[in-house]
Amino acid sequence: MRIDLLLNGRDATIEARADEMLIDALRREGLLSVRATCGLGVCGACTVLVDAEPISACLTLAPQVSGREVTTAEGLEDSDPVARAFAEAHAFQCGWCTPGFVLTAKALLAERPDPSDDEIARALGGNLCRCGSYLKISEAVRRCAS
Amino acid sequence: MDARVSGRARYAVDAERPGMLHAAFVRSPYPHARVTSIDASAVPRDCVVLLGEDVANLGPYGCQVKDQRVLADPARHIGDVVAGVAAASPGEAVAAAALVEVEYAELPAVFDPVDAMAPEAPRVHEAAARSADEAVSIGVRPIAGSNACHRFRIRHGDVARGFAAADVVVEQTFRAASAAHAPMEPHAALAEWEGSRLTLWTGTQTPFNTRADLAGMLSIPEESIRVIAPPMGGSFGAKTFVRLEALVACLARKARRPVKAVLDRADEFLTLNRHPAVVRVRIGARRDGALTAKEVDCWADTGAYADCGPGVATKMGYAGVGPYRIPDVRVDSLAVYTNLPPNGAFRGYGAMQSVWASERTMDILARELEISPLELRRRNLLRDGDEFATGEVMRDVHFEECLQAAADAVDYEADPRGKGLCVLLKGMQTPSRAAIAVERTPVGYVIRSASCEMGQGVRRSLQLLGAQMLGCEPGQIVVPDPDTDTSPFDTRTTSSRSTYMMGRALAEAVRDLRRGDGERGFGEIRNEGGLDPDTGQGVASTHWHQGAAAASVSVDEETGRIAVERLHAAVYAGRVVNRPGAELQNEGSMLMGLGAALFEGIDFADGQVTNANLSDYNLPAASDVPRLTHELLEREGAEVHGLGETAVPPVPAAIGNALASLDLDLTELPITAERVLAAVDARAARRAGLEARR
C-alpha cells in the first residue's frame, strides 16, 4: 500500500505492506539510522519521532504513520542543538544507539526545557547504550537545558 | 558532525552487494544430538540450501582448538547450526529454513563444568581435537578422556609449606553466571566470491585470525581471502574469531552469489556468551596478615566449542592470584566443554570471574584475622621489584595508589560499613605483534591499521597520536577500515592492547617515514612472552592493567533490593591519549561490571536459554546508573596502558564486599534480590547459632 506522510520535513509517499513494521519501510527508504536491535521496543535504537513523540519503529506498523510527521536522525540539521551537544559532550561510543538517544532527548527537551537529572534518567529509560555512555549522554542533555 | 551522532555511520549490517541473498539457519533444538536425516525438498527451488554433504570435504576450524565444523553433526548445543538457507529476502530465508525437516537422535548432555569433569560425564567431543597453531599463543593442554580442552597450571613455591606456615586458612567456592555481550549491533557478515577469491565484510575484532582460520578450513591460501571490517555497533568480545563468516562463505560459494547473514536477538544468545565459572579459593595468612599460600581452582565452562576458552581459563587462572606477594601458589584452571552455547572472549577475559572469587575471599580472610580489608590488602600488595606468581618481576606498579584512591573516594577508613573494595591485575595479550603503515597524501596522511573500531575509539586515538607525531591536525589523518589486503598485520583488537601496541608501532612508522622519502613509513612492534601452561611460569603480560574499585551500598532487607549509593574506580593509565575516550571506557566498564554484579545472567533450562531477549535479560539503563565516579592515574613519562576493560572486574567484588561488611555473604553472581534474602536468612541463622552457644 501507499502511505503518504511528512518524512523528515518533506512530503513523501512510501510503499509498504499493510502488516509491515515501520522500521523495515524506513530502512528501505535508506534511512539506516533506524536500527533493528531488540525487536521488542525495549532498547530504543529504532526510535523515530512521530508528530514529535518518540516511538519504537519496530513496534509500529508502517500504515500507522499515514498522514503524520515522521522524523529520523537523517532529518536533523547539522546545526541541530541536541545533536551538537551529543557531539561536544562525547556522548557516544559505537554510535549505534545515538540517533535514538538524540531523538528521545529532543522530545524530552521540547516538553521540559529544563529537566532535572531524575527526569532525564526517566525519559531516557527506554533507550539502551551497551557501551555505557550514560553519564556523558545526561551531560549532553543538560547542556541543552535552558 | 560525527557520523555516529548524525546517524550516517554504517556498520556490517548495512553492507550490501548487487544480487546478494540473505541467510537463515536451521538450528538444533537439542543440546546434544546426532543428525539422522535432513529433508530439504520442501524448500522453494529459488533458495539455496547448505547441507552436510556440501561441506563434508572442508576442514575443521577454531581459534585455539580446531573443534568446529561449518555445519554441526552431532549438534552440541541448542542452536548449533545443522543447515543453512539463502533466499532473496531475510523473511523468505527464515520461512525456507523452517521448511527443512531434520530428524535427530538425542545424546546425553551436560550443562555444568564441574559435572562435566566427572568420570562418567557425557563427552561433548569424542576425540581431543587438534590444537590450532596459527592464532594460538598458548600451548593448549587437553586432558585426555575428559571434557577439559585445556588445563592451565601455576606451580610457584610449595603450597603445603605455605599452608603449614599459616595461622589462618579460609576457603570458599564462588560462581559467576553466563552473560550476554549484547552488542546493540548483532553479528553480521557478507561473503562474495569472485572466482577463487573470497571477500568478507564482517563486524570483527579479529580480521587476520578470521582470515587464517577460514583459509585453513577452505584449504586455500590466506591471500585468497580478503576481510574488510567496518566499525562495529559494539562487540565487547562477541565479534572475535570465526562466527558467521564460515557459513556465509560456504552459502555464497554454493549460491554463486553474495550472501549476507544478520543474527536476530534471540540467536545472539546462542552464538557466543561469557564463560560461566566456578572458582574455589583457599588462602592462608599469618596472624599479622602476611599471605603465605594460595590455591585457585577454576572451572571455566567454555560450552560446546573451545573458541578461546583455553586463553580465558589461563587469564582467569593467573588473575585469580591477585596483585599480591604470595610465596607459595598453586593454580589449576580448566576450560571445560559442556552442551551450552559456546563461550568466548568477554570484556575482562575471565578476570571478572576469578577476581570476584579472589577478592571476596580476601574480605573473608580479613574478617577471620580481624584486620581491616584495606589494611590486609596494603600489607600484601605487589610493589615495584616484587615477583608475581608467574615469576615475573613487576615494574611500574601502582596497585596501592589505585586501591587507596578507591578507598578514599568512599571515605572507607572513616567508616567501612556498607562499603567494599577490590583491587586487581589483568594481563594483556602476550605475545603479540602490531604493524602499521603511514602514507602521505596531498592533504595529510593515511594511517593503515588493522585495529578495529567498536566504539572504544581506536581510530580517534590513532588520529590524535598521529597528529602529535606528524605535526598536523587530527582531521588531516584518515584511518580507513581494517582490510587484510591493505592493512599491515595485527594480532587482533583485544585485551585493551591497541592504543599501546599500535601507538608504539606508529612511532616506528613515523620514524621510518622521516628516515626515508617522507612519503611512506612502516612500523612493527613485537612483544615476546607467554606462559608455560604446565607451570604458569614465564611472561604473562608485557605490562599490567592495574585498577581498583570501591562501592558503597544499602540493602533493603525486606525485599533484598540493593541500592548502590556510590561506585568509584581508579585505573592506572600511564598516559592518557584521548581523554573523553578513556573516560568513556572507564564508565562503560563500570556499568558492565554493575550489570554483572546485580542483574546480568543468562538463564538456562536443560541447555535452553530462557531469557534470550532484552526484556528478560536486563542491561543497565540510564536509571540504573548510581553515583559513579572514576579516575585515570597518570605518571610523567609513563608508557600508555590499555584501559578498555580494567574497571569491569573489580565492580562485582567491590559490591560483594560492601555486602560482606554488613555480614551478608554472597558467593554467586549476579547478586539477585533472592540471593541477598538468602544471605540475610543465613546471617540470622548464624547469629542465632552464636546466641545459642552463649
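The dialogue below works through how to read several features of this predicted model.

Trainee: Which conventions should I keep in mind before I read anything from the model?

Mentor: This is a predicted model, in which local features need pLDDT of at least 70 and side-chain atom pairs count only at pLDDT 80 or more, while totals for chains, interfaces and linings use all residues. Residues are numbered from 1 along each chain as its sequence is written, and chains are lettered from A and ligands numbered from 1 in the order in which they are written.

Trainee: How many helices and strands are there in chain B, and what is the radius of gyration of this chain?

Mentor: Helices (H or I, at least four residues) and strands (E, at least two) are DSSP runs numbered from the N terminus, and by that reading chain B has 16 helices and 29 strands. The radius of gyration is taken over C-alpha atoms, and the globule rule is 2.2 Å times the number of residues to the power 0.38; for 694 residues a compact globule would come near 26 Å, and the 25 Å of chain B agrees with this. The C-alpha trace of chain B spans about 80 × 65 × 45 Å along its principal axes.

Trainee: Which parts of chain B touch chain A?

Mentor: In total, 37 residues of chain B are in contact with 39 residues of chain A. Helix H1 (3-6) and helix H14 (579-598) of chain B each supply at least two residues of that side of chain B, and H14(B) gives the most, with six residues. By class (Ala, Val, Leu, Ile, Met, Phe, Trp, Tyr, Cys and Pro nonpolar; Asp, Glu, Lys and Arg charged; the others, Gly among them, polar), the side of chain B that touches chain A has 19 nonpolar, 10 polar and eight charged residues.

Trainee: How should I read a sheet, and what is the strand order in the open sheet of chain B?

Mentor: Two strands pair if DSSP finds at least two bridges between them, and here seven strands form an open sheet in the order S3-S5-S1-S13-S10-S11-S12 (chain B), with mixed pairing. Strand S3 (48-50) and strand S12 (225-228) of chain B stand at the edges, each with a single partner strand, so one side of each has no neighbour in the sheet. The twist averages 25° from one strand to the next, where axes are lines fitted to C-alpha atoms, for helices over the stretch in contact, and angles run from 0 to 180 degrees between N-to-C directions. S3(B) pairs with strand S5 (residues 81-87) of chain B in the antiparallel sense over three bridges, and Val49(B) stands opposite Val85(B) in S5(B). Helix H3 (residues 90-98) of chain B packs on the sheet, touching strand S1 (21-27) and S5 of chain B, and its direction makes about 30° with that of S1(B).

Trainee: What does helix H12 of chain B pack against?

Mentor: An α-helix has 3.6 residues a turn, so residues three or four places apart point the same way. The buried residues of H12(B), including Leu462(B), Leu465(B) and Gly466(B), pack against strand S19 (444-448), strand S20 (477-478), helix H13 (498-515) and H14 of chain B. The expected span of a helix is 1.5 Å times one less than its number of residues; the 13 residues of H12(B) (residues 458-470) should span 18 Å, and the end C-alpha atoms are 18 Å apart, which agrees. H12(B) is followed by Gly471(B), whose phi is positive, near 70°.

Trainee: Which backbone details in the loops deserve a check?

Mentor: A cis peptide bond joins Asp73(B) and Pro74(B), with omega about 5°, and Pro74(B) is in the loop between strand S4 (65-66) and S5 of chain B. The peptide bond from Thr430(B) to Pro431(B) is also cis, with omega near 0°. Asp307(B), a residue other than glycine, has a positive phi near 45°, and with 28 C-beta neighbours inside 10 Å it counts as buried.

Methods: Two residues are in contact if their C-beta atoms, placed from the backbone, lie within 7 Å. A residue is buried if 20 or more other C-beta atoms lie within 10 Å of its own, exposed if 12 or fewer, and partly exposed in between; C-beta atoms are placed from the backbone.
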